[in-house]
Amino acid sequence: MHRSLSNLTQRIDRVLLERLIPAIYRDVEPVTVEAAHLPGEPVPADVGLALPYAPFAVGQFWGPAWSTTWFRFTGEVPERMRGGRVELIVDLGFERAGPGFRSEGLAYTADGTPIKGIEPRTAYVPVAREAAGGERVEVYVEAAANPRFDGTVTQLGDRETAPDTPLYRLDRAELALRDEEVYALVLDVQVLHQLALELAVTDPRHHEIRRALELMLDELDLGDLTGSAPAARKRLAGVLASPAAPSAHRVTAVGHAHIDSAWLWPVRETIRKCSRTFSNVVALADEYPELVFACSSAQQYAWLREHHPQVYRRVAEKVASGQFLPVGGMWVESDTNMPGGEALVRQFTQGKRFFAAEFGIEPREVWLPDSFGYSGSLPQLARLAGFRWFLSQKMSWNQTNRFPHHTFWWEGIDGSRVFTHFPPAETYSSELSGRELAFGVANFTEHGRSTVSLLPFGYGNGGGGPTREMLEIARRVADLEGSPRLAIRTPAEFFAEAEHEYPDAPVWNGEMYLEYHRGTYTSQSAMKRGNRHTEHLLREAELWCATAASRTGHEYPYDELDAIWQETLLLQFHDILPGSSIAWVHREARQTYARLADRLETLIDAALAALTGPGSVPLVANAAPHPRPGVPALGIAPAPADGTGPDAPAVSVRTGPDGTVLDNGLLRVRIATDGTVAAIRDLVADREVLPAGAPANVLQLHPDLPNKFDAWDVDEFYRNRRHDLTEVTELTVQADDPRCVRVRISRADRDSAYVQTVSLAAGERVLRFETEVDWHERETFLKVAFPVDVQATHSSSEIQFGHLQRPTHTNTSWDAARFEICAHRWLHVGEPGYGVALVNDGTYGHDVTRRPPGDAQGAQPTTVRLSLLRGPRYPDPDTDRGAHRFGYALVCGAEIEDAVREGYRANLPARRRTGGHPVDPLIEVSDPAVVVEAVKLADDRSGDVIVRLYESLGGRARARLRASFGLAAARVVDLLERADESVAALAPVTVEGDAVDLALTPFQVVTLRLTPARA
Ligand SMILES: [Zn+2]
């Protein structure tokens, strides 16, 4: 047998692209187009429909960036289309691009009922499945001129800076008659052609399919595609009917649309994206009853309920019928590196409460396909929130190391495990192409032990979702020789089967560090600070409101707190808190954080006023879980009179030619004339804290132009060049308060200005820093360095409800890849007997290094650096320009428990006010290792007090919690505050009067529901 002298692949491609696909619509009829342009913000459909419409023509331009154009298409189905499937085709200027990243629209009937989204690859509006002829057509399309971004510096990312030139041209608007046989033939050919290209040339099946395609082409009359398509399809029927091998891998396909809650579009556009995508889904679900569509993020349902109630009702119908499936159960698909412990709890509880209240559904799988790495706290929190499974695929983005499993148990820092799956096709928006299906099988690491994997299909990021072509493909590959078996099922069905089949799957312990996007711990500094600040204000508001409600009958602001939590949780979305959205998103987020802070301050103020009563006694409120001098944890005490304080010596100051020396009897600190901290003597431990000749608090600038993804990435080579700030414009000592002496250092460098205040207070081994930066650098990484004379093989970073150890060395590629790490309020390095913690009040990025390569002898010091600012130019060209403030402190002689305490303290400054009297804490906990994270009233509004606490040191702890009120009952509940036997069994408690005795395991999180005795 000779090889064919012509190239069959080229022949198939050409006929498909140039003849068959253009012939899917075999007859067209023009429609009348009119348009109304809306330069500003979107309007509801009733307003849009009533706008003044003017004539418009196909070929005309429309849509300056972020504007909306309402189109009206009117026409009549001609008689000659009678009996056929007639659709209105609208091409808003798609230029063959994929959906979600440019112009898109939502089609409405003349009475304002949404029909479906108009997007690339799904640009049709159904008119008649079987036309009668003569039907009048009137369709409105709300077209959004969302600009497209290509990774270059642009001002398009904010309505306030975008130019007002139109971006798009209406390319097509006409009624079209679909040729059903040609349409089906196109799909047959695509499925078989793509499958054959994935099969080895040594596989007879490859040749059988290719031969069938060749015979099909010979059968096809290019002059009469409509007439010859049925016969051509018959040539493919045999190879399409051949079933999959018994050993074929089995794929659970799940319809999906990853919709980023904000990213290259503002939140208001996400709301419309949801309406477009979900309209598509419900329309498709009508036509394809097998479709199951998984949708996470309670926030997106809440938006739909508020802004597009008609679409929401349709979604609710499909939820009831099982086709539209709430999954994940979080408020949004949040970042998981930076949100605090209580915030992650609320992501789960707010999400699950919404799904339960609206649909009576409780998801069992955490759904986070796209977040930038996964905190080691998540498994415990997921289990305590009633989840069993975890889905992601993002670890496939690792730059250096390949994650070893696709199906495994993920074990968190406390030992809890969730059964986890990473779709081996490494996508959350599959088109079900032959390539993706084959890659998913070839890439799957669990063959021989597991036979199943999951594949989310449907256009994503900017939305779009599944198309009818994907569903047609799914039907064709359900049971097809050479392909994996494919069934559309729910994630829960998949997980139940996968876990049953593979109960002894391998275990991955600790965090899942994404070896990518390391700049997101630092980019858009105001997001970091806003998040940290809001989280702590929420803690204060709930604590004081619960205390006031319990003590004084003060009304607990359930609705207001819920609303503030929900806004805070939205801002933790995986492109907002990480700082990877356009300027518009971050501008609005900054405004939101300011507004939330005001609302929370009002709540706190009202609660404290109720608690302390009127009066002029100076008081200090301490919302931290540890006492501070003179004030109990969670209590309010009289403030010390001015000039008095803890019984400790004052701070002495001496200035000489080698700088300024501050001494409080515990630390002796020398600040050099260049403004750096030249030496710190720990007088208690009798040792130097800094290595000789290595100053601390050094501001260091690095060029920072990553290879890709500016806001996301910092590449390791940034370290190769460095510029230390050692020029001082002014240095002043403020010694008027002997209880706390300050040294103020001003610097100017290039276009930016820096003012640092270093302070040493009486009675503490803590050196505090406040750094203000007027930042005008671009593509520059600002760090502040603290070399410390401890030999540490690992650093400990605070994460949610605990901490995580990471090596400081670079033995393996896994260690080396963690060159930038995330820590919450503190990072600790130590050797037996002595350690140092660097605490902060609003940043997350750190790096910890040992001496650079080269000769060395003896103990090796460790350098801890805090990441303060970057200046990425994409997608926000002016990221972080302007004023910033950072607070951090070096805690000398710190064990982990000191780091925990100082971390809370730095983020919960004492609140001074006047009132009538001090206030005892609502609850007290005996063991400082057991930390109270939240005190609130129960979500069910029963008046029960909820206390969430955790073991903070990684060991076992016994603690007694004492309530200041009569206890009718005390129970351990899950995060949703529900009785749960398995959760209660993890934390046995005994109640004795008003005291609750607890035994905790390492990093265990316990939620106590305390029912007060009613009078
Ligand atoms: Zn995403």
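This is a predicted model: local features need pLDDT of at least 70, side-chain atom pairs count only at pLDDT 80 or more; totals for chains, interfaces and linings use all residues.
**Entry 1: helix lengths**

I take the expected span of a helix as 1.5 Å times one less than its number of residues. I counted 21 residues in α6, and from its first C-alpha to its last it reaches 31 Å, close to the expected 30 Å.

Next I asked how much of α6 is covered. I found 18 of its 21 residues buried, so α6 is largely enclosed by the rest of the structure.

I ran the same check on helix α3, residues 180-198. Its 19 residues should span 27 Å at 1.5 Å a residue, and the end C-alpha atoms sit 28 Å apart, which agrees. I also looked at what sits at the start of α3. D179 caps the N-terminal end, with a side-chain oxygen 3.2 Å from the backbone nitrogen of E181.

**Entry 2: the zinc ion**

Which protein residues hold the zinc ion? I noted H258 and H574, each through NE2, and D260 and D370, each through OD. These donors lie 2.0 to 2.1 Å from the zinc ion.

I then looked at the angles among the four donor atoms, which run from 89 to 163°, and the site is irregular. For a tetrahedral label, all angles would have to lie between 85 and 135 degrees.

I wrote the spacing of the donor residues down as H-x1-D-x109-D-x203-H. D260 and D370 are 110 residues apart, so this pair links distant parts of the chain. I placed D260 in the loop between β13 (250-256) and α6 (267-287), and D370 in the loop between β16 (365-367) and α10 (378-384). Are these two aspartates, D260 and D370, buried or exposed? Both are buried.

**Entry 3: a five-stranded sheet**

I traced an open sheet of five strands in the order β16-β17-β19-β18-β22, and its pairing is mixed. β16 and β22 (507-509) stand at the edges with a single partner strand each, so one side of each has no neighbour in the sheet. On average, neighbouring strands here are turned by 30° against each other, direction ignored.

Within this sheet I zoomed in on β18 (residues 407-411) and β19 (residues 417-421), which run antiparallel and are joined by five bridges. In that pairing I found F408 opposite T420 of β19.

**Entry 4: strand β30 and its partners**

I moved on to strand β30, residues 698-703, and found it mostly covered, with five of its six residues buried. How many bridges does β30 make with β36? I counted six, in the antiparallel sense, with β36 spanning residues 780-788. β30 also pairs in the antiparallel sense with β31 (residues 723-724), over two bridges.

L701 stands opposite L782 in β36, and in β31 its bridge partner is H723.

**Entry 5: two single residues**

I looked up R551 and found it in helix α14, residues 525-552.

My last stop was E902, in helix α18 (residues 896-907). Its relative accessible area is 4%, so E902 is buried. The side chains of E902 and R901 are joined by a polar contact of 3.5 Å.

Note on methods
Residues are numbered from 1 along each chain as its sequence is written. Side-chain values use heavy atoms; hydrogens and water are left out. Donors are N, O and S atoms within 2.8 Å of the metal (3.2 Å for Na, K and Ca); water is not among the atoms, so sites may look incomplete. Four donors count as tetrahedral if all angles lie between 85 and 135 degrees; four count as square planar and six as octahedral if opposite donors are over 155 degrees apart and all others between 65 and 115; anything else is irregular. Helices (H or I, at least four residues) and strands (E, at least two) are DSSP runs, numbered from the N terminus. Buried means under 20% relative accessible area, exposed over 50%, partly exposed in between (1.4 Å probe, protein chains only). A polar contact is a pair of N or O atoms within 3.5 Å; within protein, one must be able to donate a hydrogen and the other to accept it, and residues adjacent in sequence count only if both atoms are side-chain atoms. Two strands pair if DSSP finds at least two bridges between them. Axes are lines fitted to C-alpha atoms, for helices over the stretch in contact, and angles run from 0 to 180 degrees between N-to-C directions.
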